[in-house]
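Subject: Structure handover

Hello,

Please read the notes with the structure open.

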Amino acid sequence: MNSLELTIANRNQKLNLAKIEQILCSEVEANEAIRLHCNETPFDIPQNLKQQLVDKMNDLAWNRYPEFHQTKLNALVAKEAGLSSENILLGNGSSQIIQQIVNCCSKFLSEAIIENPTFTFYHQVCQNERMPYKEWNINENDSFDLSNFPQVSEPSLIILTSPNNPTGAILALSTLETLLNQYNNCVFVVDEAYGEFGGESALPLVNEYPNLLVLKTLSKGYGLPSVRFGYAAGSASLIQLLKKYAAPFTINIFTELVVSEFLTNPLYINALKANQARVKNLRDFVFYLLNEMSGETTFKVLPSAANFLMLRFFDAELLEQVKNVLSARNILVSYPIAQSLRLTIGSEVEMSKVIRIIKQVLNQYKAVSNQLEEVIIS
Ligand SMILES: Cc1ncc(COP(=O)(O)O)c(C=O)c1O
């Protein structure tokens with residue numbers, strides 16, 4: 001050990017860091033885990049609205065396959081997207097469509113371009129489909145910098161997420177159009193899983209660019225991940241091609257019923273809009289509070305257009321302490337990239353718990369750092 005390491009070891013003993021952590025961790029709550037790791041919404045739909053759906057489910061014929069072409073649902077989704085039925089491909093959540101797209105495109109295109117960082121499923125699917133990929137590094141300055149865009153030598157599949165997961169950053173439509181014009185022999189996917197929380201949708205560009213697919217899901221902004229529903233919007237020819245790679249009956253009758261109601265019935269639409277607005281307000285408030293607490297030696301919080309916030313830590317030890325205390329209190333968050341923590345926006349009560357914990361850990365950390373400084377100076 002050199003002298004500084006020795007001083008730090010002494011400091012840890014003197015100030016009994018472990019004990020501090022133990023006290024903070026000791027407030028373990030016996031109840032269920034607080035789920036802030038999957039970007040779910042904390043607010044379920046009202047019980048009476050659920051009951052109405054359950055009643056309708058009773059009237060369906062469970063012994064029959066769903067309608068093969070899903071004509072009615074397709075038309076409703078097309079209306080929602082401002083497009084025609086021929087522009088829409090329905091899927092069992094957007095993950096299933098992602099798999100279908102990569103499965104199809106790996107037969108015609110030489111490689112994929114994905115962002116770094118991005119939704120980890122993209123790595124998995126590309127690997128499974130034996131599709132090599134290059135990464136567009138948006139990590140530096142957390143921005144979509146075109147000068148970093150990888151070299152594209154052959155027709156490729158370019159997958160972009162906006163707002164990005166896990167950073168929450170938005171890809172400007174002007175940047176997207178620059179890329180679409182430059183690489184018109186490539187297939188573009190713009191994943192807007194978090195689009196209801198911020199950013200401008202690329203859906204209106206579908207009619208202009210035959211090589212563009214826009215992905216939507218009901219799992220995030222609509223708060224319905226259990227229902228498993230998503231769709232891709234694109235030119236009729238691209239959608240036609242993708243349909244050849246679909247398994248039959250991906251949409252079950254219960255999903256069809258719930259989605260139809262959420263797209264047409266004002267009671268459901270109002271309930272989900274209220275939940276969306278509540279999450280957005282909370283996100284902005286939590287951002288403000290965390291931003292106030294952040295600092296050059298501790299962490300920064302990234303502005304986000306999604307239903308989560310990304311915290312980047314400048315000291316791994318501080319992150320470790322936050323991690324330990326959150327986990328001891330049964331609060332689940334995610335750690336998708338090094339030195340970072342992604343926090344889904346939960347309910348008001350959940351957020352105040354998390355903020356309190358981060359504040360407590362930060363205060364202890366600062367007290368220890370100040371005393372270390374004094375030890376070194378003396
Ligand atoms: C960017 C992104 N795309 C797609 C998905 C998949 O959503 P689902 O399959 O529930 O529609 C997720 C889920 O977290 C995501 O973060």
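**Notes on the structure**

G346 sits in the loop between β12 and α12 (348-377); helices (H or I, at least four residues) and strands (E, at least two) are DSSP runs, numbered from the N terminus. This is a predicted model, in which local features need pLDDT of at least 70 and side-chain atom pairs count only at pLDDT 80 or more, while totals for chains, interfaces and linings use all residues. Residues are numbered from 1 along each chain as its sequence is written, and side-chain values use heavy atoms, with hydrogens and water left out.

G346 counts as buried because its relative accessibility is 1%. Here buried means under 20% relative accessible area, exposed over 50%, and partly exposed in between (1.4 Å probe, protein chains only). From G346 to N307 the C-alpha distance is 8.8 Å, although the two are 39 residues apart in sequence.

T344 belongs to strand β12 (residues 340-344). T344 is also buried, as its relative accessible area is 0%. Its side chain makes a polar contact of 2.8 Å with the side chain of N39. A polar contact is a pair of N or O atoms within 3.5 Å; within protein, one must be able to donate a hydrogen and the other to accept it, and residues adjacent in sequence count only if both atoms are side-chain atoms.

Now the ligand. The shell around the ligand holds 13 residues, and the closest are S94, S95, D191, T217 and S219; a residue counts as near if one of its heavy atoms lies within 4 Å. Helix α5 (residues 93-105) gives the most to this shell, with three residues. By class, the shell has three nonpolar, seven polar and three charged residues. Ala, Val, Leu, Ile, Met, Phe, Trp, Tyr, Cys and Pro count as nonpolar, Asp, Glu, Lys and Arg as charged, and the others, Gly among them, as polar.

An N or O atom in the side chain of D191 is 2.5 Å from a nitrogen atom of the ligand. Oxygen atoms of the ligand lie 2.9 Å from a polar side-chain atom of K220 and 2.8 Å from one of R228. On its own the ligand has 400 Å² of accessible area, and the protein covers 92% of it. Accessible areas come from the Shrake-Rupley method with a 1.4 Å probe; for residues, only the protein chains shown count as cover.

Elsewhere, F68 is placed in the loop between α3 (47-58) and α4 (71-81). F68 counts as exposed because its relative accessibility is 52%.

Regards
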